[in-house]
Amino acid sequence: MTGDNHHNTVNMHGGTGNTGISYTSREAAPVSAAGLEEAVRELTRLLTELRDGVPDASARTIDDALPAIAAPEADPQTRRNAVAAIAGVAAIAGDLGAPVFALAQQILQMLGG
């Protein structure tokens, strides 16, 4: 797909308290490094809480992703991939993972992905 604008839609069926997310534009507002790092600190805190409530395989994914997420000097693509992996774990975790999923999506937008 070419061009700057993409249309993404997420539909969730079943469960409780689900909210669909519709992104109609991928144009990101400028993000300060401080804003990104603050969001990453909050994500790290939330992941620590989430880790205790997920199966071992998901906990290993969190453990593997945390160093790349938390390191400001990490390669941007590596950091995006780690945040995306965490978003997947959070999505599977249901209500417990909802805050992590929402913040991971925000961080992915900040990272341009």
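**Salt bridges, looked up pair by pair**

I began with Asp63, which at 34% relative accessibility counts as partly exposed (buried is under 20% relative accessible area, exposed over 50%, partly exposed in between, with a 1.4 Å probe and protein chains only). I kept in mind that this is a predicted model, in which local features need pLDDT of at least 70, side-chain atom pairs count only at pLDDT 80 or more, and totals for chains, interfaces and linings use all residues. Residues are numbered from 1 along each chain as its sequence is written, and side-chain values use heavy atoms, with hydrogens and water left out.

I took a salt bridge to be a side-chain nitrogen of Lys or Arg within 4 Å of a carboxyl oxygen of Asp or Glu, and by this rule I found four salt bridges.

Asp63 forms one of them with Arg51, their closest N and O atoms being 2.6 Å apart. Arg51 lies in helix α1 and Asp63 in helix α2 (residues 56–70), so the pair ties together parts twelve residues apart in sequence; I took helices as DSSP runs of H or I, at least four residues, numbered from the N terminus. Arg51 is partly exposed, at 31%.

Next I looked up Arg79 and Glu37, whose side chains meet in a salt bridge at 3.0 Å, N to O. This pair links distant parts of the chain, with Arg79 in helix α3 (residues 76–92) and Glu37 in helix α1 (residues 33–51), 42 residues apart. Arg79 is buried at 4% relative accessibility, and Glu37 is buried at 17%.

Last, I noted that Glu42, Arg45 and Glu49 are linked in a network of salt bridges.

Methods: Helices (H or I, at least four residues) and strands (E, at least two) are DSSP runs, numbered from the N terminus.
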